Amino acid sequence: MQNLLHKLNPEQLAAVTLPPQSALILAGAGSGKTRVLTTRIAWLIQTGQVGPSGIMAVTFTNKAAKEMLTRLSAMLPVNTRGMWIGTFHGLCNRLLRSHYRDAALPQAFQILDTQDQLSMIKRLLKANNVDDEKYPAKDLLYFINNAKDQGLRAQDVEAHEPITRKFVELYELYDQQCQREGVVDFAELLLRTYELLSRNQPLRHHYQTRFRHILVDEFQDTNDLQYKLLKLLAGYGEGQGGALFAVGDDDQSIYAFRGANVGNMSAFERDFKVTNLIKLEQNYRSHGHILDSANYLISYNRNRLGKNLRTDAGQGEQVRVYESSSDLEEAQWIIEEAKSLMADGTPRNEIAILYRSNAQSRVIEHALFAAGMPYTVYGGLRYFQRAEVKHAIAYLQLMDNPHNDSAFLRVVNFPTRGIGARSIELLQNAAEQYGISLYAAVPYMTGKAGSALGAFVKLVEGARFETQNLPLPEMVRVVLERSTLLTHYATEKEGADRIENLEQLVDAAAQFVQEEGFGQQAPAHLGPQAAAVAGEQIVTEDGVAILDADAPLATVMSPLSAFLSHASLEAGDAQAQAGQEALQLMTVHSAKGLEFDAVFITGMEEGLFPHESSSREADGVDEERRLMYVAITRARRRLYMSFTQQRMLHGQTRFNMKSRFFDELPEESLKWLSPRVQGNWFANRKSTTAWDDAEFRNGGVDNKIAKQITQKSGHSSGWRIGESVAHAKFGEGVIVNIEGGAGAARAQINFGAAGMKVLDLSVAKLERL
DNA sequence: TCTTCCTAGGTTTTT
DNA sequence: CCTAGGAAGA
């Protein structure tokens, strides 16, 4: 233990060894945040201040939770099982499974992912004859999640306009429908837990007393409901409960769009009268010029808690800035630079190419592919979100809870078995009439539709009966076969990958069973005995003794139920990996938390980064600036920034100005690789750079653009499209279009913040930049 | 019921 | 430009 503390710097040590009071740790990028969190836990246990069961540590992603567990078990000889380390959703799921009765849920409740939730909302709109032009399903989804993220039920939402009133009404219906089906969405997991604990004093008291130390990672990303839940657990206003140890970085708050509220940091400071505020400002990742850039840039944000990163690593190299003529050339340049980095010994997977939005990756991918350079794109569909896997899961969901209508509709006619839209409509009417699930309504159906539906129900029942005593992986195997999913995809042209994914589901089940400790025993026997060993008893208000949620999930629910919630809560990896060394392509958002030797920040143009839609929201540009801060601080030794004069976006060529963020970076830390090219830059570039690449010249699309550029490059007025200019009143701009002949030419110029102007070139005094 | 055509819409993402 | 989802035809 002493060894562990020995490795810490004074700030980290202070944070790790704080007294058991609420504390806020402002942890800058690369300052050893995870180390502090894990060492704090280890220190608390090692010094006997708390047992493993008194610890709760909350993260946002499964990856972060896993990382914490791994590091902890390396530090501590203690079994980490007693500790509650997980995501908000995972921990709430655990609580709700154990206290399902008090939470008014079926024990085998199922979790809707966003896709399921949307399809359920669409169904709801249809069933209630709501005009989905006026009330789009997506808007309602957003409305409901937003309300829940703030801890509000339908009745709590203030509605002033008719549209909001309608949404509130539908929100209420949606919740009722979820309850009938025995399903909960992601936000509901948290809201239900919050309500359960607020309402149930003995339960609340039990957990308040139990968790002496609650540690929260990425606190700046918490939404209102999450903060409320934490307050409740920490006994805010009740004078009991454990110490809240919050770690976060307000400068890295980039998730406001999904409900995160940075304000929670200062609210926490105020609410809990935090006297222990520690800043971790020593950075162990990046060289000086990179940190200087980050510090300088972020200082343009208002309302910061305030912090400045420093390093012992020396100044290192300047940030290299490159202006290219087009997005195609930008991609070529990246390839050339990446090649030379690799020639100098930088491993391929230590080079990251970042962009603001996913649409930007295509051009880069295209160029990388043509150049034969291996790359990996992050993001995209996760394993459990793939259509074929979701189908298989839907069969399993129906066996576990037949009233899940989403699951029913997904597979009732997949693979096709002659149940068409008309049959479904009749069935939905019947279900509506009796207020029951689709599955339960099947017996009311007659005729051809009735027999086809009846056969489907028999299929599900048969699978359930046949597998009830089988271990989970076997169960999955049987379902894959009985559902005829495998044979169905075998007949499809592109079915091979899908079949492979389906077979992986058996492995996933096997791995799950092993990791979660679900033995071969049938869960039914486990109840009472397991109760005797696991967890404490809580006596509720009505005098009933119940077990706290410490028991392994295996004692509370069937392996199947557990596996299904695992599939919803942990969507699995997004493809990629490929194992081998590859360049890393991803959005700036997904780069958060990662680090690389060399980083390219591409597309640094007004409208892209900062994104144009950010200017519409209050503090939108501040959030973009934080995003840029995150991007910069990913780099260890070398950082590139690039922007381009013209870029193809949504099928249109756009001419953007360079990002305003260049004006917010310290000049002495930047190294401009490309002087601005005057006059006919296309002709200039052609011979000097990788432009005369045969691939580029012969490529269809590329060639078209090249022609276009050549045509446009020299207007008789002496100006050219794409050229950067300055105007006394409007400032810097980019020429987007030129009309008219030499004497009477007018130019359309994008002045960014000052807007789009059309100026007469013979009158306006423009300066070349 | 399956195919093909057409149109709308296109920051950022985890659970 | 590209993709997904809905609507009309085979």
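In this predicted model, a polar side-chain atom of Arg 258 lies 3.5 Å from a sugar or linking oxygen of DNA strand B, a polar contact being a pair of N or O atoms within 3.5 Å.

The model is predicted, with local features requiring pLDDT of at least 70 and side-chain atom pairs pLDDT 80 or more, whereas totals for chains, interfaces and linings use all residues. Residues are numbered from 1 along each chain as its sequence is written, chains are lettered from A and ligands numbered from 1 in the order written, and side-chain values use heavy atoms, without hydrogens and water.

Salt bridges (a side-chain nitrogen of Lys or Arg within 4 Å of a carboxyl oxygen of Asp or Glu) number 45, including these:

| Pair | N to O distance |
|---|---|
| Asp 113 and Lys 390 | 2.6 Å |
| Asp 175 and Arg 153 | 2.9 Å |
| Glu 612 and Arg 654 | 3.5 Å |

Glu 612 is partly exposed, with a relative accessible area of 43%, whereas Asp 113 is buried at 12% and Lys 390 is buried at 7%; buried means under 20% relative accessible area, exposed over 50% and partly exposed in between, with a 1.4 Å probe and protein chains only.

Terms used. A polar contact is a pair of N or O atoms within 3.5 Å; within protein, one must be able to donate a hydrogen and the other to accept it, and residues adjacent in sequence count only if both atoms are side-chain atoms.
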